[in-house]
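Hi everyone, thanks for making time for this. I'd like to walk you through a structure that may be new to you, so please take a look at the sequence and the model before I start.

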Amino acid sequence: MKLLADQRDDPPKKRSDRSPEEMLNGEPKGAPGEGLAGTTTARPWPGSPVQLNGQTLVRDVADPTSQPQFSSAPSSRAPSPPPPGESPPQRDQWGGKYEFLLSCIGYCVGLANVWRFPYLCYRNGGGVFLIPYFIMLLFTGVPLFLMELSLGQYGAAGPITVWKCCPLLKGIGIGMLCVSTLVCLYYNVIIAWTFFYLGNSFQSPLPWSCEAASNAALCGNVTTANSTGGRSLSPTEVFWNEQVLGVVHSSGLQDPGPVRWQLAICLFFAWFIIFLCMLKGIHSSGKVVYVTATFPYFVLIVLIIRGATLEGSLQGVAFYLTPDWDRLASAQVWNDAASQIFYSLGIGVGGLLSMASYNKFDNNVIRDTLVITIGNCATSFFAGFAIFSILGHMAWRKGVPVGQVADSGPGLAFVAYPEALALLPGSVFWAILFFLMLFMLGVDTLFGNMEGITTAVLDEFPQLRHNMKYKVLFLAALCFAFYLMGLLLITDGGIYWFTLIDSFSTSFGLIIITLFMCVGISFFYGVNQFCSDIIDMICRCPPWCSKLLLYFKACWVFITPFLLLFILCYIFMEMYNTPLQYGTYVYPFWGKALGVCMATTCCLQIPIWAIVAMSKESGTLRDRYMKAIRPLNSWRVSNLQGTSAERVEPDRVEAPFTVNLTESDFTAMAWENASEE
């Protein structure tokens, strides 16, 4: 038997000295003050009787409000409603399941699908890269994705509050918040760059094309002062380095230079758009995703059709898909596959968990997981055809191999691809379409990351959620703070800081956070209990869902932690042996150390808050640990109105009070037992 939920998060002060065997067993009977069917209020009114194992007890303690109530139900019970005047604030919910699906697809399908996957694919053996990619998807991506969605939906809480299921692991949620903050800091800079290119696309000829008068010398193969190693820079490289970044005026991290005012304006508008999307939460963003999540697919289809008609496009597609089987023996290929899964699915930064917390309790999370993860990876593969068909045409025009025109990261999206677009007939139209697609891809992903931050804060301070004035002020202050911090990334040397944060924000810190989340849910909260929670949410659980949970259980307990440890070890070895650089600039030791400190700060939140959680408990170190891994009584309190039953552990007494039985109580019990016989 277990103490009924008391809506108290306080640790037990004193346990009952009486063992369960000394108490008479019986079925619970109704008592005055009952709320839901079969449920007694957590704090009965003074003078009302107390039920202990079905027997009415007489109050003879000094503080009648501290008397506990017990239930002997072994399987389930209705949750206790909160006391009058203390009901939890009503939580928003998605307008429909398609809003949630599109929001998650928009969050996962981002810029990484357009510039990172195609690059990794051809760098790691072409089509053979798909083998480790899909293996990592099956054994790390899909299981961890389901874990985050299920945890958020069942707990109906953000990345921090949801760890009431295991207070010892609260640092995981705070670590997610730190990672998400770093990602949001630099991700909106990409949207600012996209704004800048989009604004410059409304002119003919395009300013980075050879038709522009200012690029006549560059297109004439004249080596300029900007060239490196005797190779003349293309117009797109000059536009990117001089007009957009201004990196030619900076010598490195220690020389950021002035803020570029054009980018400052673009960054301000980018954050203003995010502020408007966040203002009404999922009610407004849920409608926006119908456009922002579907428009990129329309653009990709148009670009694939256009690319297929270009000369040399098959050469690019062949380069994209040709397998190099020897690459499978390289650990780099497997690490790149895993990093791409984490990067594109957005695992471990709190966005998925936050968006799932607005789902209805009975939403089928297994179905959603399969749809979103498979759709995201299919989009990555699909986008590769659009990218490399046009890059193949670009290589054909220049008379060089495809490998010399493709690049990684921002270089592919803002150098190679604009150059390829400039070679197409009607280049202005294609440029506008492409950068509009990049803008929508970026906004959806950034919204998911920001949702993780705002949901965490609003859950910790619920008064902000239902006071529109305070909520507006909070969101405005948050976006403006991000804008001010982002100004460092749009200086002349901002690209060096951008690369530093990009390299370490989702590095080993994210893997450690995800590893602890997987191990914590599997072994502290209990993998069997977690699977039962998922079955509880899926009211009519189809047979295939139950069988699939066996596969997920094996992944959570054995396979996924092992693969995460492998990735973590490889990251540490690569970080030690490989210098960090942007182009020809090699980062100094202090710069790389600063990046390591950023990633370490994120994962250090786990032990720090574990110590805090244990310090709040009483008893020996083992007692403190056991209490800290126990779910709080307020676990899932925000879903009280969405479910009729909640699981209870049987045969366990948690009585933080002393219950004094009088002689009349035993007399009454004996009399009732005799009458039943």
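One term before anything else: when I say that two residues touch or are in contact, I mean that they have heavy atoms within 4.5 Å. With that in hand, here is an example. T499 touches Y582 and Y587, leaving out residues up to four places away in sequence. You'll find T499 in helix α17, which covers residues 494-505. Is T499 buried or exposed? With a relative accessible area of 13%, T499 is buried, because the cut-off for buried is under 20%.

Please keep in mind that this is a predicted model. Now let's step back to the whole chain. There are 22 helices and eight strands in it. The chain has 677 residues, and buried ones make up 56% of them. Here is another figure for the whole chain: take the contacts between residues at least 6 apart in sequence, and 84% of them join residues at least 24 apart.

L182 counts as buried, at 14% relative accessibility. How far apart are L182 and A599 in sequence and in space? They are 417 residues apart along the sequence, and their C-alpha atoms are 9.5 Å apart. Not counting residues up to four places away in sequence, L182 touches I501, S505, M598 and C602.

Further along α4 sits F196. F196 counts as buried too, with a relative accessibility of 11%. From F196 to I265 is 69 residues in sequence and 9.3 Å in space, C-alpha to C-alpha. Which residues does F196 contact, once neighbours within four places are set aside? They are F239, Q243, V244, Q262, L263 and C266.

That list leads us to helix α7, residues 261-279. Its 19 residues should span 27 Å at 1.5 Å a residue, and its end C-alpha atoms are 27 Å apart, which agrees. Among the buried residues of α7 are L263, C266, W271 and F275. Just after this helix comes G281, with a positive phi of about 65 degrees.

L487 lies in the loop between α16 (468-486) and α17. Apart from its neighbours within four places in sequence, L487 is in contact with V259, A264 and L267. Both A264 and L267 belong to the buried set of α7. As for V259, 228 residues separate it from L487 along the chain, yet their C-alpha atoms are 6.6 Å apart.

Next, have a look at helix α3, residues 130-155. It has 26 residues and reaches 35 Å from first C-alpha to last, close to the 38 Å expected at 1.5 Å a residue. Where does α3 bend? The bend is at L137, and it is about 45 degrees. Of the 26 residues in α3, 21 are buried, so the helix is largely enclosed by the rest of the structure.

The residue that follows α3 is A156, placed in the loop between α3 and α4. At 3% relative accessibility, A156 counts as buried.

While we are on backbone details, there is a cis peptide bond from S204 to P205, with omega near 0 degrees.

I'll finish with a pair of helices. Two packed helices are described by the angle between their axes and the distance between the axes. The axes of α2 (residues 111-123) and α11 (residues 331-345) come within 11 Å and cross at roughly 170 degrees. That makes α2 roughly antiparallel to α11. On the α2 side, the contact is made by A112, N113, R116, F117, L120 and R123. On the α11 side, it is made by Q332, D336, S339, Q340, Y343 and S344.

Methods
Residues numbered from 1 in each chain as written. Predicted model: local features only at pLDDT ≥ 70, side-chain atom pairs only at ≥ 80, totals over all residues. Heavy atoms only, no water. Axes fitted to C-alpha atoms, helices over the stretch in contact; angles between N-to-C directions. Helix = DSSP H or I, 4+ residues; strand = E, 2+ residues; numbered from the N terminus. Parallel < 35°, antiparallel > 145°, perpendicular 65-115°, else oblique. Expected span 1.5 Å × (residues − 1). Bend = angle between axes of the 7 residues up to and from the residue. Buried < 20%, exposed > 50% of the residue type's maximum accessible area, 1.4 Å probe, protein only.
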